[in-house]
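Please look over the sequence and the model together before reading on.

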Amino acid sequence: RKDSDGWLWPWGPGFSRPCRIKYHPSLIDFIANETAEPCSLPGLREQLVEVLNIEPDQARLICENLVSAFVLITPEVLSRGYELLRGRDQFKQPLDHFLTNEHSIEYARAAVRHGLKFEARAPDVIVIKGSDREHTVVAAHRITFEDSHAVDLSRQKDACTAMWREMGLPVPRETVLPVEKLMDAPGLIGFPMVLKPVNSGAGVGVFPNIRSEEGLKLVIDRCLEDTSLQSTDFLVQEFVVGIDHRMLMVGDRVAAVSQRRLPRVVGDGHSTIAELVAREGSRINRKFSFEAPSVRINLEQLGLNESSVIPDGDEVVLAHAGLTKAGAYVVDVTDTIHPSFCEAALRAKDAVGLKIAGLDLVTSDSTKPIDEAGGAFLEINVAVGTALQTWPDEGKPCPMADEMVRYMFGLDAA
């Protein structure tokens, strides 16, 4: 579909939301004149072959080069095999590497939109260059922007929560244990509980909502099988009941808040869990995988697997982790969260010393004052991605890479 500004909006299989791409005028005219229905990018390739009699391999190359030369394009395109930052004419510079990390790509797109240069050093590493400064971004980590001491503190989850507790901020009860002492955890914290490595991020090694000694033994066995976790100290926290939120803060403001709703299915008495997931995909994130550790552990605790049939009307929560790979459904709630949560979140960030950070909050109702709603701040992360905010499953998109680049380079929001 071509709009009045000359942009083409592809839509079809493989796209969970519209995206817009500016093609050369001749291609826009071709699409407008030769196709009656909106087409996806694979559909464009087919049209080139069928209508213009272009060889299939050449049509594929045309699409890849035209599409990848422009930056207004969604991560879904990349996942379908299109190398986004391939076109050299658009960027006026050679690319030694094709970027494949979605966070690096978002930063690169933001840099181009704001007239900044960037250099791709690796598939997930770029250096963004302004007139008076430059910053290196590795995936979602702005390694030359944040203070190194603040980064180190943010990775010590127990130290952060202890500091917040002294400040009067809401945090869960917790203790730290080596993996060989984890069976002592029930007597110290009780069930349900959460286990997470003291010094990790991105949800690695996190096991939420452990409800019994049998479930705890399953987790310990998994930890002993994983060489990266065998000698790790674990933070053992009480499991806080509520809805998971990611609060993304840039400077002195909460720029975006994403609510991550747990994936769940309702049985019909004859369909397997896998079939229910396929059917209920609109309320389960597209990145859901039965191989995600939090999904496997949760189903094992329930005595279920993807081939299990759920009785009619029974609801099963597939995972208790707010991760998209565990199926969490992302809803933007930036405009509805109560200001008291934002004030407390900024205090927590400033105490750690970070400039840009993501804070994980669990509360039953983020629209109410923090003292009334209850809940807890779980941890803070310096390596914050942009996908949750830029491409929520529901609600207003917040282009966070743009916001971060503007802040990092002191650019006016306009």
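How many disulfides does a search of the whole structure find? The search finds zero, a disulfide being a pair of cysteine sulfur atoms within 2.5 Å. This is a predicted model, in which local features need pLDDT of at least 70 and side-chain atom pairs count only at pLDDT 80 or more, while totals for chains, interfaces and linings use all residues. Residues are numbered from 1 along each chain as its sequence is written, and side-chain values use heavy atoms, with hydrogens and water left out.

Helix 8 (residues 157-166) and helix 13 (residues 339-352) have axes that come within 10 Å and cross at roughly 125°; helices here are DSSP runs of H or I with at least four residues, numbered from the N terminus, and axes are lines fitted to C-alpha atoms over the stretch in contact, with angles from 0 to 180 degrees between N-to-C directions. Helix 8 is therefore oblique to helix 13, oblique covering what is left once angles under 35 degrees (roughly parallel), over 145 (roughly antiparallel) and 65 to 115 (roughly perpendicular) are set aside. Cys-160, Met-163 and Trp-164 of helix 8 make the contact with Ala-348, Ala-351 and Val-352 of helix 13, contact meaning heavy atoms within 4.5 Å.

Asp-402 lies in helix 16 (residues 400-408) and is buried, with a relative accessible area of 10%. Leaving aside residues up to four places away in sequence, Asp-402 touches Ala-110, Arg-113 and His-114.

How values were computed:
Helices (H or I, at least four residues) and strands (E, at least two) are DSSP runs, numbered from the N terminus. Buried means under 20% relative accessible area, exposed over 50%, partly exposed in between (1.4 Å probe, protein chains only).
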